[in-house]
Amino acid sequence: MIAPRSSPAPASPRPVRKAVVPAAGLGTRFLPATKATPKEMLPVVDKPAIQYVVEEAAKAGLDDILMVTGRHKRAIEDHFDHAFELEQALAAKGDTVRLDAVRDPARLADIHHIRQGDPLGLGHAVLCARHHVGDQPFAVLLGDDLIDARETLLSRMLDVRDRLRGSVVALMEVDPSQVHLYGCAAVEATDEDGVVRVTGLVEKPSPDNAPSTYAVIGRYVLDPQVFEVLERTAPGRGGEIQLTDALQELAVGGTVHGVIFDGLRYDTGDKGDYLRTVVRLASERPDLGPEFTAWLKEFVAGLAQEDGAGREGRRAA
């Protein structure tokens, strides 16, 4: 348990209204499905993954969203635009439920798009947003990380930024064997429960070199000072410009805090976790859950019977 320490006195905040959603990755872990379809558009039940992220931002009051995309990502732009022919067809049928579902993405926020060009890493993708963001603080939400809609992580991070200024990252404690998959933070306690001061960051360390088991997950609230640092940040791990490296420089100056999150998070960037996310969210849907979970119980029971029959057969042999 981290012992409390004092925090710096809060300064006058600038409200955060803008969010950046990097969405230029190639999605190689989901090939061939992502050969022609952006990985961010893969459905999670009946909405693309990126829509959950935009809904989270809008719910937290971020009404100006910039998506940093790449080539072959036009489907993302189309999804958050109006589809007049489809809307007219649904309206003519009187299908108001599906009509609202089709219109909702375009009504969530004021959504803009810019292309990253060369895939030079997350830090470079954030740097591409500089002219849109200007000198304002802003949030960054990664599309692979879905935070359950009942959680208030982003709102909590915005509140911490308002009071403490600087930049804020979301941290989640992970098993030591998993730290090599994340940026990892060295932290000191503050006098606020669940909020720590980040003193250092390492991108995907080995378990032996990790400063803690606090992993940075895909939510950030960044001070515009990060752009100046990213401008001079050299390519790091994987030959890419790493956001973690820029935040490490800011952390040394004492201007980075972390909000520790222990709620529901879904990683849709991994095949197994993607499937588990779909099953979990479908099970909780009032329109799908009862019938789906009944089938799921039967299916799992059948697998257990098959496994038992296989063991008996092996014993008999």
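In what sense do β9 and β11 pair, and over how many bridges? In this predicted model, the two strands pair in the antiparallel sense, over two bridges. C184 stands opposite A215 in β11.

Strand β11 spans residues 214-222. Nine of its nine residues are buried, so the strand is largely enclosed by the rest of the structure. Further pairings involve β11. Strand β8, residues 167-173, pairs with β11 in the antiparallel sense over five bridges. Here M172 has A215 of β11 as its bridge partner. In β11, V221 is the residue opposite A139.

Strand β9 covers residues 183-189 and is joined to β10 by seven bridges. These two strands run antiparallel. E188 is bridged to R197 of β10. The hairpin of β9 and β10 has five residues between the strands. In this hairpin, G194 adopts a positive phi near 80°.

Strand β10, residues 195-203, has seven of its nine residues buried, so it is largely enclosed by the rest of the structure. β10 also pairs with strand β12, residues 256-260. Three bridges join them, and the strands run antiparallel. R197 has H257 in β12 as its bridge partner. R197 is therefore bridged to E188 and to H257, within a strand that is largely enclosed because seven of its nine residues are buried.

Helix α1, residues 49-59, is mostly covered, with eight of its eleven residues buried. The buried positions are A49, I50, Q51, Y52, V53, V54, E56 and A57. After α1 comes G61, whose phi is positive, near 90°.

Helix α3 (residues 84-93) and helix α4 (residues 96-107) have axes that come within 8 Å. The axes cross at roughly 160°. That angle makes α3 roughly antiparallel to α4. The crossing of the two helices is left-handed. On the α3 side, the contact involves L86, E87, L90 and A91. On the α4 side, R98, L99, V102 and R103 take part. By class, this contact has five nonpolar residues, three charged residues and no polar ones.

Methods: Residues numbered from 1 in each chain as written. Predicted model: local features only at pLDDT ≥ 70, side-chain atom pairs only at ≥ 80, totals over all residues. Heavy atoms only, no water. Axes fitted to C-alpha atoms, helices over the stretch in contact; angles between N-to-C directions. Helix = DSSP H or I, 4+ residues; strand = E, 2+ residues; numbered from the N terminus. Parallel < 35°, antiparallel > 145°, perpendicular 65-115°, else oblique. Left-handed = near helix turned anticlockwise from the far one by under 90°. Contact = heavy atoms within 4.5 Å. Nonpolar A, V, L, I, M, F, W, Y, C, P; charged D, E, K, R; others polar. Buried < 20%, exposed > 50% of the residue type's maximum accessible area, 1.4 Å probe, protein only. Pairing = 2+ DSSP bridges.
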